[in-house]
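Visitor: I am new to this structure and would like a close look at a single part of it. Please take me through that part slowly, and then show me how it sits among the rest.

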Amino acid sequence: MIAALTFGSAAAFSPAVPAQRVRSVASSPQMMNKAELEAFAVECNPVLGFWDPLNLADAPLWQQDQEAVIGWLRHAEIKHSRVAMAAFVGYIVHANGIKFGVPGPQSVVADGLSAPEVWDAIPFLAKLQIIGAIGVLEHISEDKNFLEADGMKHYMRGGKPGYFPTFKANVHPMPLNLWDPFGFSKKLTAEQKAKKLVAETNNGRLAMLGLFGFLSESKIPGSVPLLSGIIKPYDGDYMQPFLPTGPDASFWFLGNVWS
């Protein structure tokens, strides 16, 4: 995960690449070889271009061929980008004390907490539900049956990195899909989709940097001068997301299973 995040963020920082290498590959976001990956990096940022100091694109991860490895790296970057964009907005929402107007886990969260303190205050069982729901979505995104129902393949086997299946293969009827539930993208041309793919990639990379700026400033006040005095300090531990600080802390028992 860390390596994938490094690849995703690092790809946004590189010396310029000669213009003759630039060609539109975003319009066909299927599996790429390294040359196409380099061209896509230039499309995302012609000034910075492509930079892969760890040579991840050439690494035979899990004894897979280069296109499969690049497919995994691109999917990982897109996934991290989407999570980071949601987390960036979520951090701002919670930092400003905005709550849903209906009963839920947020009902037991006190006012005036910083964004990470809001997570700490959520009941442990509620956290498990959140992680469980994410696990279900993760399974759907990788499941062969869901992909084949849409006429798609796995992103390491000729499919589209970042593609999230519809719920056609779901045993329970679902009124809306997770991705584009209202079908706004159906009428987009290939060129429009290519432009949006580049925008999503750049926005995701920026969101990853922005989110880490929030986290850094909260742990080391003054480390991000632009955020100094804006982001509240946090004395918790980001690396222990299930630290039992919620109302049902006494229910914490999983940590003793292996002790």
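Visitor: Which residues make up the largest nonpolar core?

Guide: The model shown here is a predicted one, and its largest nonpolar core is made up of 10 residues, namely Met-32, Leu-37, Phe-40, Ala-41, Cys-44, Phe-50, Ala-57, Ile-70, Leu-197 and Val-198. Two elements, α2 (34–44) and α7, each give two or more residues to this core, and α2 gives the most, with four residues. Apart from it there is a second, separate core of seven residues, which includes Tyr-91, Leu-211, Phe-214 and Ile-231. As general background, nonpolar side chains tend to be buried together in soluble globular proteins.

Val-198 lies in helix α7, and it counts as buried because its relative accessibility is 13%, while the cut-off for a buried residue is under 20%. The C-alpha atom of Val-198 is separated by 9.0 Å from that of Ala-41, although the two residues are 157 residues apart along the chain. Ala-41, like Val-198, is one of the residues of the largest core.

Of the 259 residues in the chain, 36% are buried.

Helix α7 (190–219), which contributes to the core, also takes part in the lining of the second largest pocket, where α7 and α3 (66–95) each supply at least two residues. The volume of this pocket is about 950 Å³, and 31 residues line it, those closest to its centre being Lys-160, Trp-179, Asp-180, Ser-185 and Lys-193. With eight residues, α7 gives the most to the lining, and by class the lining holds 15 nonpolar, seven polar and nine charged residues.

Between α2 and α3 runs a loop in which both Trp-62 and Gln-63 are found. Most residues other than glycine have a negative phi, yet Trp-62 has a positive phi of about 55°, and Gln-63 likewise has a positive value, near 60°. Trp-62 is partly exposed, with a relative accessible area of 48%, whereas Gln-63, at 73% relative accessibility, counts as exposed.

A last stop is helix α5, which covers residues 124–142 and has 19 residues. From its first C-alpha to its last, α5 reaches 27 Å, close to the 27 Å expected at 1.5 Å a residue. Within α5, the residues Phe-124, Ala-126, Lys-127, Ile-140 and Ser-141 are buried, and what covers these buried residues includes α4 (115–121) and α6 (144–149).

Conventions:
Residues are numbered from 1 along each chain as its sequence is written. This is a predicted model: local features need pLDDT of at least 70, side-chain atom pairs count only at pLDDT 80 or more; totals for chains, interfaces and linings use all residues. Side-chain values use heavy atoms; hydrogens and water are left out. On a 1 Å grid over the protein atoms alone, a cavity is a set of points where a 1.4 Å probe fits but cannot get out, and a pocket is an open set with protein on both sides within 12 Å along at least five of seven lines; lining residues have an atom within 4 Å of a point. Grid points are joined across faces, edges and corners, and a volume is the space filled by probe spheres set on the points. Ala, Val, Leu, Ile, Met, Phe, Trp, Tyr, Cys and Pro count as nonpolar, Asp, Glu, Lys and Arg as charged, and the others, Gly among them, as polar. The expected span of a helix is 1.5 Å times one less than its number of residues. Buried means under 20% relative accessible area, exposed over 50%, partly exposed in between (1.4 Å probe, protein chains only). Contact means heavy atoms within 4.5 Å. A nonpolar core is a set of buried Ala, Val, Leu, Ile, Met, Phe, Trp, Tyr and Cys residues joined through side-chain atoms within 4.5 Å.
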